[in-house]
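Trainee: I have a model open and some questions about it. Can we take them one at a time?

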Amino acid sequence: RHIVDLMGMEVRGMPLCSVLNAGSRGRLSDVLETVFRGPQLADLTLISPAGYGRPQLHGRMLILPLKSDLGDVSRALGCLV
């Protein structure tokens with residue numbers, strides 16, 4: 001529920017890139033491509049700049065590839081702290 005409070009809306013069902021600002025979405029796309037093609041885990045450091053009435057926030061995101069029964073990486077497990 002913490003991410004819902006930070007975003008100010010329900011994020012269930014939204015794409016992962018929706019939690020990042022538009023300028024960072026291209027880099028996230030590159031990281032996700034590495035996770036699924038590698039496969040490789042991704043450990044990201046996130047920083048949200050301060051805004052009017054909002055402090056700077058620091059976070060960490062871990063994305064782990066998951067193989068299907070067929071052996072291809074078709075899903076990922078993620079954690080945001």
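Trainee: How much space lies in the second largest pocket?

Mentor: Bear in mind that this is a predicted model. The general idea is simple: rolling a probe the size of a water molecule over the atoms shows where empty space is left. For the second largest pocket, that space comes to about 270 Å³.

Trainee: Which element gives the largest share of the lining of the second largest pocket?

Mentor: The lining has 17 residues, and Leu-16, Val-19, Met-61, Gly-78 and Cys-79 lie nearest the centre. α2, β2 and β3 each supply at least two lining residues. The largest share is five residues, and it comes from β3.

Trainee: Which element supplies the largest share of the lining of the largest pocket?

Mentor: Four elements each give at least two residues: α1 (2–7), α2, β1 and β2. The largest share is five residues. Those five come from β1.

Trainee: In what order do the elements of the protein run?

Mentor: Count them before ordering them. The protein has two helices and three strands. From the N terminus on, the order is α-α-β-β-β.

Trainee: In which sense do β1 and β2 pair?

Mentor: Look at one pair of residues across the two strands. Ala-42 stands opposite Ile-63 in β2. Seven bridges join β1 and β2, and the sense is antiparallel.

Trainee: How many bridges join β2 to β3?

Mentor: Strand β3 covers residues 73–80 and runs antiparallel to β2. Pro-65 has Ala-76 in β3 as its bridge partner. Leu-62 stands opposite Cys-79 in β3. The number of bridges between β2 and β3 is seven.

Trainee: Which residue takes a positive phi in the hairpin of β2 and β3?

Mentor: Look between the strands, where the hairpin has five residues. The phi in question is near 95°. The residue is Gly-71.

Trainee: Is Ile-63 buried or exposed?

Mentor: Ile-63 sits in strand β2. Its relative accessible area is 4%. The cut-off for buried is under 20%. Because 4% falls under that cut-off, Ile-63 is buried.

Trainee: How far apart in space are Ile-63 and Leu-32, C-alpha to C-alpha?

Mentor: Leave aside neighbours within four places in sequence, and Ile-63 still has a list of contacts that includes Leu-16, Leu-32, Val-35 and Leu-77. In sequence, Ile-63 and Leu-32 are 31 residues apart. In space, the C-alpha distance is 8.4 Å.

Trainee: How many residues does the largest nonpolar core have?

Mentor: Ile-63 belongs to this core, along with Leu-20, Leu-28, Val-31, Val-35, Ala-42, Leu-44, Leu-46 and Met-61. α2 (25–37), β1 (42–48) and β2 (57–67) each supply at least two of its residues. The core's residue count is nine.

Trainee: Which peptide bond is cis?

Mentor: Go to the loop between α2 and β1, where Pro-39 is found. The omega there is near -20°. The cis bond runs from Gly-38 to Pro-39.

Technical notes. Residues numbered from 1 in each chain as written. Predicted model: local features only at pLDDT ≥ 70, side-chain atom pairs only at ≥ 80, totals over all residues. Heavy atoms only, no water. Core = buried A, V, L, I, M, F, W, Y, C linked by side-chain atoms within 4.5 Å. Buried < 20%, exposed > 50% of the residue type's maximum accessible area, 1.4 Å probe, protein only. Pairing = 2+ DSSP bridges. 1 Å grid on protein atoms, 1.4 Å probe; cavity = no way out; pocket = protein on both sides within 12 Å on 5 of 7 lines; lining within 4 Å. Points joined across faces, edges and corners; volume = space filled by probe spheres on them. Contact = heavy atoms within 4.5 Å.
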